[in-house]
Amino acid sequence: MWPCGGRRQRRLGAAALLLFVVWLLLRRFNWSELTPLGLWGRTLGLQTENSQFLLEGMPFRIFGGSMHYFRVPREYWEDRMLKMKACGLNTLTTYVPWNLHEQQRGKFDFSQNLDLEAFLSLAAKNGLWVILRPGPYICSEWDLGGLPSWLLQDPEMQLRTTYKGFTEAVDAYFDRLMRVVVPLQYKRGGPIIAVQVENEYGSYAKDPNYMTYVKMALLKRGIVELLMTSDNKNGLSFGLVEGALATVNFQKLEPGLLKYLDTVQRDQPKMVMEYWTGWFDNWGGPHYVFDADEMVTTVASVLKTGASINLYMFHGGTNFGFMNGALEADEYKSDVTSYDYDAVLTEAGDYTSKFFKLRQLFSVIIGHPLPLPPMIESKASYGAILLHQYISLWDVLPSLLQPIKSEFPVNMENLHLNDSTGQSYGYVLYETVIFGGGQLHTRNHVRDRAQVFVNTVYVGELDYNTVELFIPEGQGFRQLKLLVENRGRVNYGLALNEQRKGLIGDVFLNKTPLRNFKIYSLEMKPAFMKSLQQVSGWSSVPDYFVGPAFFRGRLWIEQQPQDTFLKLQGWEKGVVFVNGQNLGRYWKIGPQETLYLPGPWLKKGDNEIVIFEERTAGRIIQSVDIPYLGRTQYVD
């Protein structure tokens with residue numbers, strides 16, 4: 001028999017052990033401490049019960065932030081994640097852009113900056129859970145809302161419906177995508193705790209069977225985690241699907257908005273999937289900013305109700321290349337290259353006042369110190385860069401591009417290119433022969449903007465607002481050239497099916513439709529840009545020259561390269577390439593005046609810069625260490 005002292009010691013020991021286990025459990029399920037790599041015994045996953053989230057049966061709150069791997073150089077993924085943790089967040093949300101992962105039908109790319117598995121695994125390594133938003137439609141101010149343009153080859157295509165041509169394409173894409181996603185789910189040891197079904201479908205709602213189709217497409221391929229939907233207030237009741245938690249998107253917290261969720265689903269936790277920390281910009285408009293104090297006050301009000309929240313965006317990044325989206329409400333407006341968004345971190349990943357105000361708020365909620373914020377990367381000002389050589393577009397055509405011959409104008413997506421998946425982005429040159437001059441009329445068939453030339457002489461521009469142009473009289477037969485730019489497909493609203501680009505129908509001269517075209521694709525892919533460097537005909541830039549033309553220069557860097565910003569004062573409109581990377585568009589109408597150039601895209605020594613300028617070229621560009629995104633206007 002054990003003496004009483006021994007029993008007491010055993011009881012004290014058992015009590016101490018129990019307290020230690022309870023402490024471990026509490027620590028394990030404290031949202032600020034719980035990490036994907038530190039959790040064992042995964043069976044239940046994220047659940048909803050009595051108006052709260054549970055993870056493995058214990059209370060859990062989602063404090064998330066949005067960051068898109070496809071908008072941030074891979075070398076900076078981890079830095080941005082560490083800053084999320086330092087701000088007090090525990091969950092990362094990201095969209096998945098179908099139009100990057102399957103740029104050509106049936107050819108998938110999950111490599112380099114599109115390595116979704118590496119991105120999600122890195123989130124787990126850095127203690128972040130993941131809410132995945134795989135679409136297929138993502139909106140996100142991204143070309144066609146992330147849908148591949150080759151879908152529009154079908155003249156009867158009905159995007160975001162159960163139209164057979166669309167669902168067959170989605171099925172093939174999900175077959176490949178879910179091979180990456182399924183093993184990274186929570187119950188398989190990964191960081192994904194929830195998956196969103198489509199995106200803001202309540203604002204589209206053209207097919208009552210579509211959301212069920214998308215839900216089943218996910219479930220059939222092995223998605224087992226909590227499903228969610230995401231809509232603004234007006235779309236909430238139309239975007240629901242049985243078996244998925246409805247969440248809401250907003251910037252201003254209207255009275256009763258969160259309670260409105262109870263009218264569409266009872267006894268469920270409240271989640272703000274997109275709390276808009278800023279806003280995006282359009283060419284020709286202001287740079288929108290959202291007051292930091294108002295933002296933090298709203299976040300605090302949301303948290304006070306017990307709701308979970310996701311900050312859209314925590315870090316916006318950049319619409320590199322031709323991937324920006326557009327709006328079409330009263331008129332067509334394309335988005336700028338920067339996706340700074342006036343977010344918590346800047347486009348280049350630097351801290352803002354929003355970061356520190358949010359960090360203070362979250363640290364009070366958590367009750368203990370947060371990780372120290374990582375040091376910011378210094379920026380470089382490399383000074384003036386001389387563009388010393390040029391070659392006219394007209395001199396490039398014979399040696400690099402083979403025209404497609406067609407009696408009728410053909411829209412970009414239906415050009416017989418890229419293994420019959422058409423052209424997605426960039427420019428198309430339409431060339432035909434005319435006799436005499438007169439009135440050129442597009443009947444609104446230009447998408448989105450055309451420069452018009454007779455032979456190589458600039459005549460004027462055509463777009464949505466200008467549909468007529470006078471062609472001067474001339475002797476004999478002459479070449480009429482229309483250089484048409486796809487400025488970005490609309491990514492939100494009811495006009496998605498009408499986003500074909502180039503010439504989408506007949507163009508008339510004196511009421512006679514033009515025929516017999518030579519059509520040149522100017523998608524400006526890496527292979528084209530590489531070939532451009534080898535073509536003969538480059539010459540010194542004269543004192544004055546009018547494009548369209550390519551210009552090139554060199555940036556020599558002595559030390560380890562750093563982020564910088566390129567300022568194109570004196571240039572009119574075009575695209576910048578650095579070491580083959582497409583930085584995106586510039587346009588003198590603003591608001592954006594600098595293009596972000598990430599340090600990892602530079603190298604010690606010689607760096608090649610190529611600019612495609614549509615009209616008026618400068619002689620130099622400036623590398624500066626501070627971005628300028630334009631005159632600001634506060635979001636109302």
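Residues are numbered from 1 along each chain as its sequence is written. In this predicted model, local features need pLDDT of at least 70 and side-chain atom pairs count only at pLDDT 80 or more, while totals for chains, interfaces and linings use all residues, and side-chain values use heavy atoms, without hydrogens and water.

**View 1. The largest cavity.** The structure holds two cavities of 30 Å³ or more, a cavity being a set of points on a 1 Å grid over the protein atoms alone where a 1.4 Å probe fits but cannot get out. About 50 Å³ of space lies in the largest one, and its lining (residues with an atom within 4 Å of a point) includes Gln103, Asn418, Tyr425, Glu523 and Lys525.

**View 2. The second largest cavity.** This cavity has a volume of about 30 Å³, and Trp283, Ser334, Glu485, Arg487, Lys573, Arg585 and Trp587 line it.

View 3. An unreviewed UniProt entry lists residues 548-607 as "domain: Beta-galactosidase galactose-binding". The end C-alpha atoms of this span lie 23 Å apart, and the span is 0% helix and 55% strand (DSSP runs of at least four residues, H or I, for helices and at least two, E, for strands).

Conventions: On a 1 Å grid over the protein atoms alone, a cavity is a set of points where a 1.4 Å probe fits but cannot get out, and a pocket is an open set with protein on both sides within 12 Å along at least five of seven lines; lining residues have an atom within 4 Å of a point. Grid points are joined across faces, edges and corners, and a volume is the space filled by probe spheres set on the points. UniProt positions are given in the numbering used here, feature names are shortened, and annotations may be inferred rather than shown by experiment.
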